[in-house]
Amino acid sequence: MSEIGHNGIGPFNGVPETIQQTTAHGAAAFNAVALERYAQDQKWGNQYHEPCRWVTILAEEVGELAEAALDLAPYNVVTIDAMRKEAVQVAAVAIAFIEWIEKGMPR
């Protein structure tokens with residue numbers, strides 16, 4: 001796999017400006033996901049699930065995100081922060097699944 005901007009000169013040299021902006025604006029989001037991954041590892045330890053179980057866990061998190069989005073309707077008190085929290089958890093679980101694959105899932 002190649003890294004964005006990995007050319008020995010600078011992290012964004014040769015990367016389209018729109019990607020640079022997305023990366024710069026996404027720094028807080030990436031940080032939040034990294035912190036959530038750390039919290040997951042502290043709580044659950046290393047996770048080794050079958051692919052169907054990973055997808056089930058991810059689907060549960062997506063369902064919680066959908067519920068938070070529905071609760072954002074004007075007649076409810078839930079804030080955008082609750083939806084962001086669930087979105088971070090979705091991303092963190094997806095990354096944990098990818099990490100599991102990268103660690104050597106049987107192919």
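Guide: Buried means under 20% relative accessible area, exposed means over 50%, and partly exposed covers what lies in between. The model before us is predicted. In it, Leu58 has a relative accessibility of 23% and therefore counts as partly exposed.

Visitor: Where is Leu58 found, and which residues does Leu58 touch, not counting residues up to four places away in sequence?

Guide: Leu58 is found in helix α3. Leaving aside residues up to four places away in sequence, Leu58 touches Val90, Val93 and Ala94. A C-alpha separation may also be read here: Leu58 and Ala96 are 38 residues apart along the chain, and their C-alpha atoms are separated by 9.8 Å.

Visitor: How is the confidence of the prediction to be read, and what does the chain average?

Guide: The pLDDT is the predictor's confidence in each residue, from 0 to 100. The chain averages a pLDDT of 81, and 70% of the residues score at least 70. Over residues 1-9 the pLDDT is below 50, and this stretch has nine contacts in the model beyond near neighbours in sequence.

Visitor: Let us turn to charged side chains. How many salt bridges does a search of the whole structure find?

Guide: The general idea is that side chains of opposite charge can pair when their charged atoms come close. A search of the whole structure finds two salt bridges. In one of them, Asp41 pairs with Arg37, with the closest N and O atoms 3.1 Å apart.

Visitor: How are Asp41 and Arg37 placed in helix α2?

Guide: An α-helix has 3.6 residues a turn, so residues three or four places apart point the same way. Asp41 and Arg37 are four residues apart in helix α2, and so about one helical turn separates them. Asp41 is partly exposed, because its relative accessible area is 31%. Arg37 counts as buried, because its relative accessibility is 10%.

Visitor: Is the pair of Phe97 and Trp100 stacked or tilted?

Guide: The pair of Phe97 and Trp100 is tilted, with 6.1 Å centre to centre and 35 degrees between the planes. Both residues lie in helix α4, three residues apart, about one turn of the helix. Trp100, like Phe97, is buried. Trp54, Phe97 and Trp100 form one aromatic cluster.

Visitor: What may be said of α4 as a whole, and what covers its buried residues?

Guide: With 23 residues, α4 reaches 33 Å from its first C-alpha to its last, close to the 33 Å expected at 1.5 Å a residue. Its buried residues include Glu86, Gln89, Val90, Val93 and Ala96. What covers the buried residues of α4 includes α2 and α3. Just after α4, Gly104 takes a positive phi of about 120 degrees.

Visitor: Finally, consider a loop residue. Where is the place of His49, and is His49 buried or exposed?

Guide: His49 sits in the loop between α2 (27-44) and α3 (51-71). His49 counts as buried because its relative accessibility is 17%. The side chain of His49 makes a polar contact with the side chain of Gln47, at 2.7 Å. Not counting residues up to four places away in sequence, His49 touches Trp54, Ile57 and Trp100.

Methods: Residues numbered from 1 in each chain as written. Predicted model: local features only at pLDDT ≥ 70, side-chain atom pairs only at ≥ 80, totals over all residues. Heavy atoms only, no water. Helix = DSSP H or I, 4+ residues; strand = E, 2+ residues; numbered from the N terminus. Buried < 20%, exposed > 50% of the residue type's maximum accessible area, 1.4 Å probe, protein only. Polar contact = N/O pair within 3.5 Å; in protein donor to acceptor, adjacent residues only side chain to side chain. Contact = heavy atoms within 4.5 Å. Salt bridge = Lys/Arg side-chain N within 4 Å of Asp/Glu carboxyl O. Phe/Tyr/Trp six-rings, centres within 6.5 Å; stacked < 30°, edge-to-face > 60°. Expected span 1.5 Å × (residues − 1).
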